[in-house]
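Please look over the sequence and the structure shown here before reading on.

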Amino acid sequence: MGGGVRGPRPSYAKRRYGTSTLTSSNSEGRKCVFISFHMQDEPQVKLLRSQAKDPRFNIEFIDYSVKEPFDDKWKTRCTERIKRSSVFICMIGPETHKREAVKWEINKAHELGKKVIGVRIYRNENHKVPEPLVRNGDKITYWNIDQISREVESD
């Protein structure tokens, strides 16, 4: 965008990205977690975001789920959001392992030194885990908001 460094713009950030801030934790001390997923799993991701709003949990999700081409502009914007997160979660559904954008996001999170966690969306399914999660030995857990919160908080 240009124009030099500016201070945070919470109202714009909330309206544009669905979060009150784009840093690794917000003013309430909630951890910002980048969430990666296949667009067909968006309804489940919305449910997870809703569950995380419970005050018992110290997490707030950010992502770059826009319908734009997977190109250099997208990669630049996505990289900025991953940088601003403290933890990276990949939601694992039936087709997630095939998505080039998801694999790219996982690799970028590792390149940036982020903690990476895979979350299986469906407890009774054993969907294929994206290769970068396997290659890096990332923690894989089933969807349980209490467990996800513990994983996010652990070092």
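The model is predicted. It contains an open sheet of five strands, arranged in the order β2-β1-β3-β4-β5 and paired in the parallel sense. The edges are formed by β2 and β5 (139-142), and each of them has a single partner strand, so one side of each is left without a neighbour in the sheet. On average, and with direction ignored, neighbouring strands of this sheet are turned by 35° against each other.

## Strands β1 and β2

Strand β1 (residues 31-36) is joined to β2 in parallel pairing over four bridges. The chain passes from β1 through helix α2 (residues 42-52) to β2, and this β-α-β crossover is right-handed. Across the pairing, V33 stands opposite F61 in β2, while F34 has I62 of β2 as its bridge partner.

Within strand β2 (residues 59-62), I59 and F61 point one way, whereas E60 and I62 point the other way. Each of these residues is buried, including E60.

## Helices on the sheet

Helix α2 packs on the sheet, where it touches β1, β2 and β3. The direction of α2 makes about 150° with that of β2.

Helix α4 (residues 100-111) also packs on the sheet, in its case touching β1, β3 and β4 (115-120). The direction of α4 makes about 155° with that of β3.

## Aromatic residues

The structure holds four aromatic pairs. A pair of this kind is described by the distance of the ring centres and the angle of the planes. For F34 and F88, the centres are 5.5 Å apart and the planes stand at 10°; because planes under 30 degrees apart count as stacked, this pair is stacked. F34 belongs to strand β1 and F88 to strand β3 (residues 87-92), so the pair ties together parts that are 54 residues apart in sequence. With a relative accessible area of 0%, F34 is buried; F88 is likewise buried, with a relative accessible area of 0%.

Elsewhere, one aromatic cluster is formed by F70, W74 and W104. K75 lies over the face of F70, at 4.9 Å from the ring centre.

Note on methods: Residues numbered from 1 in each chain as written. Predicted model: local features only at pLDDT ≥ 70, side-chain atom pairs only at ≥ 80, totals over all residues. Heavy atoms only, no water. Buried < 20%, exposed > 50% of the residue type's maximum accessible area, 1.4 Å probe, protein only. Helix = DSSP H or I, 4+ residues; strand = E, 2+ residues; numbered from the N terminus. Pairing = 2+ DSSP bridges. Right-handed = clockwise from strand over helix to strand, strands pointing away. Phe/Tyr/Trp six-rings, centres within 6.5 Å; stacked < 30°, edge-to-face > 60°. Lys NZ or Arg CZ within 6 Å of the ring centre and 35° of its normal. Axes fitted to C-alpha atoms, helices over the stretch in contact; angles between N-to-C directions. Contact = heavy atoms within 4.5 Å.
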